[in-house]
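Me: I would like to learn how to read the features of a protein model. Can you take me through one, step by step?

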Amino acid sequence: GGVGNKGTIAKINLSSGAITVLHNFATNGIPTGATPRAGLTRIGDELWATTSSGGISNRGVIIKYRLTDGVTSLVADFDGPALGGQPFGGLTAAGANALFFTTFSGGSTFGATGLPLGAGTLGKVTIDALGNTTVGKLADLPAGYTQFPGVEPTLVGTNSLYFGTT
C-alpha cells in the first residue's frame, strides 16, 4: 500500500472508521525504508518500526515516528555484514531505553559459501536520557538451526532473549 506500494503508517478512528495515512515509506525525501513487515513499537510519544528493504543498502532501516508532530526520523540503516539486514520482525521494548531486534540476513556469515546474504543477527537500540540512540549488534547468528530469524525477539527476565527461526 501507500505511494509506490512501499508501505505506510496509518491510523483508524475507532468511532468513525476514518483511516488516515501518517507516513508513506520511501517518499518523503529521507531514506525511510520500504516494505515494513512487523508491527509498530511505542516508546513514549514515538512509534518505532523496521522495514525489510529500502535505505542506503536496500537491506532495511529502523525509523521512529513522533506522534506529537508527525516527524519521521531515520535511526539506522541495515547494511548486511556489520548490523545485519532484512529485519522481518519488529522491535521488542525493554523499558524506556532499550529495544531489541533480529535481522533475517547479514552478520559475519555475509558472503559465506551457501549463505551469500548471511544467517542473521541479534541487535539492540539504546536510548540515552537526551533521546540519542546507539544501534549495535549483540550477536552474529551462525549457520544451522539458529539462522534466519523471522520474528522479533522476546525478552525473558533480564538476561535472555528468545527468538524463532524459519
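Me: Where is the place of Tyr 162?
Reply: First, a caution: this is a predicted model. The place of Tyr 162 is in strand 12, which covers residues 160-162.

Me: Which residues is Tyr 162 in contact with, leaving aside its neighbours within four places in sequence?
Reply: They are Pro 153, Thr 154 and Val 156.

Me: How far apart are Tyr 162 and Asp 69, in sequence and in space?
Reply: In sequence, 93 residues separate Tyr 162 from Asp 69. In space the C-alpha to C-alpha separation is 35 Å.

Me: Now sheets. How do strands of a sheet pair?
Reply: They pair through backbone hydrogen bonds, and the pairing is either parallel or antiparallel.

Me: How many bridges join strand 3 to strand 4?
Reply: Three bridges join strand 3, residues 41-43, to strand 4, and the two run antiparallel. Take Arg 42: its bridge partner in strand 4 is Leu 47. The hairpin of these strands has two residues between them, and Gly 44 takes a positive phi near 60° there.

Me: How many bridges join strand 4 to strand 5?
Reply: Five bridges, again in an antiparallel run, with strand 5 spanning residues 61-66. Glu 46 stands opposite Arg 66 of strand 5. Trp 48 has Lys 64 in strand 5 as its bridge partner.

Me: Is strand 4 buried or exposed?
Reply: Use the cut-off: buried means under 20% relative accessible area. Five of the five residues of strand 4, residues 46-50, are buried, so the strand is largely enclosed by the rest of the structure. Check each face. Glu 46, Trp 48 and Thr 50 are buried on one side. Leu 47 and Ala 49 are buried on the other, so both faces are covered.

Me: Let us turn to loops. Where does Thr 109 lie?
Reply: Thr 109 is in the loop between strand 8, 98-103, and strand 9, 121-127. Loop residues still need an accessibility check. Thr 109 counts as buried because its relative accessibility is 15%.

Me: What does the side chain of Thr 109 reach?
Reply: It reaches the backbone nitrogen of Ala 119, at 2.8 Å. Leaving aside neighbours within four places in sequence, the contacts of Thr 109 are Leu 115, Gly 118, Ala 119, Leu 141 and Ala 143.

Me: Next, rings. What describes a pair of aromatic rings?
Reply: Two values do: the distance of the centres and the angle of the planes. In this model the count comes to three aromatic pairs. Phe 78 and Phe 101 are edge-to-face, at 5.5 Å centre to centre with 75° between the planes. The pair links distant parts of the chain, 23 residues apart: Phe 78 is in the loop between strand 6 (72-77) and strand 7 (92-93), and Phe 101 is in strand 8. Phe 78 is buried, with a relative accessible area of 0%. Phe 101 is also buried, with a value of 0%.

Me: What kind of aromatic pair do Phe 88 and Phe 104 form?
Reply: A stacked one, with 4.5 Å centre to centre and 15° between the planes. Phe 88 is in the loop between strand 6 and strand 7, while Phe 104 is in the loop between strand 8 and strand 9.
Reply: Phe 88 is partly exposed, with a relative accessible area of 22%. Ring pairs link Phe 88, Phe 104 and Phe 148 into a cluster.

Me: What sits over the ring of Phe 88?
Reply: The charged end of Arg 37 does, 4.6 Å from the ring centre.

Conventions: Residues numbered from 1 in each chain as written. Predicted model: local features only at pLDDT ≥ 70, side-chain atom pairs only at ≥ 80, totals over all residues. Heavy atoms only, no water. Buried < 20%, exposed > 50% of the residue type's maximum accessible area, 1.4 Å probe, protein only. Helix = DSSP H or I, 4+ residues; strand = E, 2+ residues; numbered from the N terminus. Pairing = 2+ DSSP bridges. Contact = heavy atoms within 4.5 Å. Polar contact = N/O pair within 3.5 Å; in protein donor to acceptor, adjacent residues only side chain to side chain. Phe/Tyr/Trp six-rings, centres within 6.5 Å; stacked < 30°, edge-to-face > 60°. Lys NZ or Arg CZ within 6 Å of the ring centre and 35° of its normal.
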